[in-house]
Amino acid sequence: MKMTKQEFLSKVDHSLLKPQLTKEEIMEGLQFAKENHCASVCINPCNLDMAREVLDGTDVKIGTVIGFPSGAHTTFSKVAEAVDAYARGAVELDMVIDIGALRNGEYEDVKKDIEAVVSATPGIVKVILETAFLTKEEIKKGCELSEEAGAAYVKTSTGFAPSGATAEDIKLMRETVSEKVHVKAAGGINNLADCIAMIEAGSDRIGISRTKAILEEF
């Protein structure tokens, strides 16, 4: 696959989710995303005000996380997080599915949890399945429930599980959802070869924190 640097960056959600990041490091990351025209930044909710200050009026979308990283939050708290985040400038909301409920076969509860977040704001909802903990059949079911609930994306991972995205899982997710739903790869994507493998497998967006180092590979 041949891409220009800017074509690549148009697929990148620059991740600033590590909890140990200082304000200075976050500011550097936001400026980097702005200068390089990444598709978006994905930032913790407590830093949304800083993101809005830097990115308002630019072509970089502001994203944040909901029910992160475990997904084991009540629907009420996920909706409250979503409403607050959207009001503070986040237009893309990466929510973690109720992983345990999915594995328990509590499909209606999982669907309602996603539907509630989707309905809470006009924002784009990306449902994180945390594929490291799921079987192939569970990944498929999570994708199906996400689409039924109105999510715009299905996403592999938080980056906080034992493993992250694989090309095999991306291909399965792409084959499971319709063309209306996008696929995002995240977690354990460390170099340009990893990124290209995810895109070739069907990923529309790539969530990465090592964006600067990966760009240097061009």
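## Exercises on a predicted model

With a relative accessibility of 14%, Asn 44 counts as buried. The model is predicted, and the exercises below start from this residue.

**Exercise 1.** Locate Asn 44 relative to strand S2 and helix H3, and find which residues it is in contact with beyond four places in sequence.

Solution. 
- Step 1: Strand S2 covers 40–43 and helix H3 covers 48–55; Asn 44 sits in the loop between them.
- Step 2: The cut-off for buried is under 20% relative accessible area. Asn 44 is at 14%, so it falls in the buried class.
- Step 3: Once neighbours within four places in sequence are set aside, the contacts of Asn 44 are Leu 16, Leu 17, Lys 18, Thr 64 and Val 65.

**Exercise 2.** Decide whether Glu 92 is buried or exposed, and list its contacts beyond four places in sequence.

Solution. 
- Step 1: Glu 92 belongs to strand S4, residues 92–96.
- Step 2: Its relative accessible area is 1%, so Glu 92 is buried.
- Step 3: Leaving out neighbours within four places, Glu 92 is in contact with Asp 13, Ser 40, Lys 61, Ile 62, Gly 63, Thr 64, Ile 124, Lys 126 and Arg 205.

**Exercise 3.** Describe how helix H7 packs against helix H8, giving the angle and the distance between axes.

Solution. 
- Step 1: H7 spans residues 136–148 and H8 spans residues 167–176; their axes are 9 Å apart, at an angle of about 40°.
- Step 2: The pair is therefore classed as oblique.
- Step 3: The crossing of H7 past H8 is right-handed.
- Step 4: From H7, Lys 136, Ile 139, Lys 140, Cys 143 and Glu 144 take part; from H8, they meet Glu 168, Asp 169, Leu 172, Met 173 and Thr 176.
- Step 5: Sorted by class, the residues of this contact are 4 nonpolar, 1 polar and 5 charged.

**Exercise 4.** Carry out the analysis for helices H2 and H3, giving their crossing angle and the distance between axes.

Solution. 
- Step 1: H2 comprises residues 23–36, and its axis comes within 10 Å of that of H3, crossing at roughly 35°.
- Step 2: H2 passes H3 with right-handed geometry.
- Step 3: On the H2 side the contact holds Lys 23, Ile 26, Met 27, Leu 30, Gln 31 and Lys 34, and on the H3 side Met 50, Ala 51, Val 54 and Leu 55.
- Step 4: The class count for H2 with H3 is 7 nonpolar, 1 polar and 2 charged residues.

How values were computed: Residues are numbered from 1 along each chain as its sequence is written. This is a predicted model: local features need pLDDT of at least 70, side-chain atom pairs count only at pLDDT 80 or more; totals for chains, interfaces and linings use all residues. Side-chain values use heavy atoms; hydrogens and water are left out. Helices (H or I, at least four residues) and strands (E, at least two) are DSSP runs, numbered from the N terminus. Buried means under 20% relative accessible area, exposed over 50%, partly exposed in between (1.4 Å probe, protein chains only). Contact means heavy atoms within 4.5 Å. Axes are lines fitted to C-alpha atoms, for helices over the stretch in contact, and angles run from 0 to 180 degrees between N-to-C directions. Angles under 35 degrees count as roughly parallel, over 145 as roughly antiparallel, 65 to 115 as roughly perpendicular and the rest as oblique. A crossing is left-handed if the near helix is turned anticlockwise from the far one by less than a right angle, and right-handed if clockwise. Ala, Val, Leu, Ile, Met, Phe, Trp, Tyr, Cys and Pro count as nonpolar, Asp, Glu, Lys and Arg as charged, and the others, Gly among them, as polar.
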